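Please keep the structure open in your viewer while you read, and follow the selections one stop at a time.

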Amino acid sequence: MKVLTAHIRNDLREIGTITEKFENFAKDNKLSQRIVYDISLCLDELITNIISYGYDDKKTHEIEVKFELHEKELKLTLIDDGKAFDPTKKEDPEHLQHAVEDRPIGGLGIYLVKKLMDIVKYKRVNDKNILTLTKFFKNSNHRI
Amino acid sequence: MEIRQDKRGDIITLDLVGRLDANTSGELEAVLIPLIDGGEKKFILDFSDLEYISSAGLRLLLLAAKKLRNNKGEIILCSMKDFIKEIFEISGFTPIFTIVDNKETALDKLQ
């Protein structure tokens, strides 16, 4: 098992930093472009949510991001000290089939994460949100 | 991101280069929305060099589609990479937009 752990600040510019770290980790471990895309998108959506909606104060907070690469899956864990928020409880948007006039703008980020990842688990421990996401490598195309 | 703008007749083409995410969707918004509000009705967005799109980018495209629907305008997306097409499908965006393989087909449809 290969592990990459990083800590970022609650600043939207940090998303680029963590994405780059993950891309290097993926390259070293020969993960396919497809896996990199799906994971980068999930990182982007989730961290954007935490930073945009998770904090009531203007202080600096730390978010821990951990990647665990196993033979047949990649596990991603996000730990933040923001407000309690369980994305698994968030209902999927009901408007996916609606015509363009009726579709509300937004609400797609977490839905995309749930669709792209195979398992999403949430727990609140010691005033921290711990979100664990797993992506299974279903066939051989996860490596280059 | 880089946005290359071109006008042929009454058709405006925007080539999107790079990433369309929370950081960059404002750049496209600043170009696209004033054109729509200014009365332009025919748009092609070329995704050949678009490497990434997140929900922030999708949100902007939906906003543009809504505005154009009200103005009786049209927007066509072309040359979309497979993984971006899949994001469109998951999001339920495929029926909202006309998506074609290349710019020539898009131009034919709008002329």
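**A salt bridge within chain A**

Begin by selecting Asp118(A) and Lys138(A), which form a salt bridge whose closest N and O atoms are 2.8 Å apart; the term stands for a side-chain nitrogen of Lys or Arg within 4 Å of a carboxyl oxygen of Asp or Glu. Asp118(A) sits in the loop between H3 and strand E4 (119–125) of chain A, and Lys138(A) in the segment after strand E5 (128–136) of chain A, so the pair ties together parts that are 20 residues apart in sequence. Helices (H or I, at least four residues) and strands (E, at least two) are DSSP runs numbered from the N terminus. Over all chains, a search of the whole structure finds 19 salt bridges.

What you see is a predicted model, in which local features need pLDDT of at least 70 and side-chain atom pairs count only at pLDDT 80 or more, while totals for chains, interfaces and linings use all residues. Residues are numbered from 1 along each chain as its sequence is written, chains are lettered from A and ligands numbered from 1 in the order in which they are written, and side-chain values use heavy atoms, with hydrogens and water left out.

**Where the chains meet**

Next, select Arg34(A) and Glu86(B), whose side chains meet in a salt bridge (2.3 Å, N to O); across the interface of chain A and chain B the rule finds one salt bridge. On the side of chain A that touches chain B, H2 and H3 of chain A each supply at least two residues, and the largest share, seven residues, comes from H2(A).

Now show both chains together: 22 residues of chain A are in contact (heavy atoms within 4.5 Å) with 24 residues of chain B. The two chains bury about 2,100 Å² between them, 64% of it on carbon and sulfur atoms, where buried area is the accessible area (1.4 Å probe) that two parts lose on being put together, summed over both.

**The largest pocket**

Finally, select Asn49(A), Tyr53(A), Gly109(A), Ser55(B) and Arg59(B), the closest to the centre of the largest pocket among the 18 residues that line it. On a 1 Å grid over the protein atoms alone, a pocket is an open set of points where a 1.4 Å probe fits, with protein on both sides within 12 Å along at least five of seven lines, and lining residues have an atom within 4 Å of a point. The largest share of this lining, six residues, comes from H2(A).
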